[in-house]
Amino acid sequence: MIKTNYVSDTARNMKPSGIRKFFDLASGVEGVVSLGVGEPDFVTPWRYREAAINSLEEGYTSYTANAGLIQLREEIASYMSRRFHVNYAPDKQIIVTVGASQAIDIALRAILNPGEEVIVVEPCFVSYAPLVVMAGGKAVSVGTTKESDFKLLPQQLEAAVTPNTKAIMICSPNNPTGSQLSKDDLEALAKIAIKHDLVVLSDEIYAELVYDDDYTSFASIEGMIDRTILISGFSKGFAMTGWRLGFVCANEEISAAMLKIHQYAIMCAPTAAQHAALEALRYGFDYVEDMRRSYLHRRNYLVESFNEIGLTCHKPGGAFYAFPSIESTGMTSEEFAERLLLEEKVAVVPGDVFGLGGEGHIRCSYATSMDQLREAVTRIERFIKKTT
Ligand code: PMP
């Protein structure tokens, strides 16, 4: 019998992901229509896959440079400059990571001293707050509301800043709300970040998936390039979740700190995946555009349908999620999601798992076929009629 308590307090106190918990529940039910998954329903375009296969055939099976293949970093630099008007030196300011997930991790570990606060804008991707805590920091949640289209208001940011605030973690277009910040929104937030000397961790993983307005990168706002850590990757827009490939761009000092952590913890991102990403950036944008158009069509259908059947839903500017309100049903989001799964076999994610501001909503991914979406809407409508 082991008497020692081997597990750290940090790990012990960490709550398991609310999304996982829900998927475990859904996996036990037959015939489920799932709007639950947070990844593209497209297989990675063949051209990118073939580039990886070719790289293996040619024998590229060893480590790359810690920061990633230099050709890939050069291609990322040119893409970021062309597309988002931000300039980074490929040899000093870009690190290729194991997904955006690892980019967030090394960014937080590179900047946080014990106890420093990170303002986490919620509802948000479930990893942010736990990663802040694992990096020794303190996550300070600030919730957004549907009244402001789930955008962080400047006065909310101002009110959350304390002498211990080091950074703000923000994501646009957002998971789970799809909310996209305009250039004006970003400029207003930037003023406060500059006033209080904050680092901005900007998760731009959904930047390729925007439907109405042009995309503005936080780093492109005046005065922000040196205080922004820009996180992005290939999982979403390029349909490459399983390849585990992302990247992070920052000023030279932060990049050097992140690279030290990256080289000790990871060494380098997977080599074949880097070859696929290189092909994607060189020749692969037609596929990205085709996928974007397909999501746009599905977004329009799902958001209109929700509003028609009485679930008010703001129009998400990007990503592939709708985040309708279920307040009219009088149920909590967990109760709604659980009953919808058991009674109508539709899997959605309860909004409360995404933090403050998420309760009263459900996250519905439209990265699934139109047939599945139509079936889901029919079932949800029946469920609402029955329960209200
Ligand atoms: N950020 C956000 C907002 C996400 O939604 C996700 C994936 N769900 C990630 C980061 C992680 O992406 P990756 O697969 O590149 O690690």
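Strands β5 (residues 165-171) and β6 pair in the parallel sense over five bridges; two strands count as paired if DSSP finds at least two bridges between them. The model is a predicted one, in which local features need pLDDT of at least 70, side-chain atom pairs count only at pLDDT 80 or more, and totals for chains, interfaces and linings use all residues. Residues are numbered from 1 along each chain as its sequence is written. Helices (H or I, at least four residues) and strands (E, at least two) are DSSP runs, numbered from the N terminus.

**Strand β6 and its neighbours**

- Strand β7 (residues 228-233) runs parallel to β6 and is joined to β6 by four bridges.
- Opposite Asp203 stands Ile231 in β7.

**Burial of β6**

- Five of the five residues of β6 (residues 199-203) are buried, so this strand is largely enclosed by the rest of the structure.
- A residue is buried if 20 or more other C-beta atoms lie within 10 Å of its own, exposed if 12 or fewer, and partly exposed in between, with C-beta atoms placed from the backbone.
- Val199, Leu201 and Asp203 point one way from β6, while Val200 and Ser202 point the other way, and all are buried.

**The sheet as a whole**

- Seven strands form an open sheet with mixed pairing, in the order β2-β8-β7-β6-β5-β3-β4.
- The edges are β2 (94-97) and β4 (138-143); each has a single partner strand, so one side of each is left without a neighbour in the sheet.
- From one strand to the next, the twist averages 20°.
- Strand β3 (residues 117-122) pairs with β5 in the parallel sense over four bridges, and Ile119 has Ile168 in β5 as its bridge partner.

**Helices on the sheet**

- Helix α4 (residues 70-84) packs on the sheet, touching β2 and β8 (246-249), and its direction makes about 115° with that of β2.
- Helix α5 (residues 99-111) also packs on the sheet, touching β2, β5, β6, β7 and β8, and its direction makes about 160° with that of β7.
- Residues are in contact if their C-beta atoms, placed from the backbone, lie within 7 Å.
- Axes are lines fitted to C-alpha atoms, for helices over the stretch in contact, and angles run from 0 to 180 degrees between N-to-C directions.

Key
Contact = placed C-beta atoms within 7 Å.
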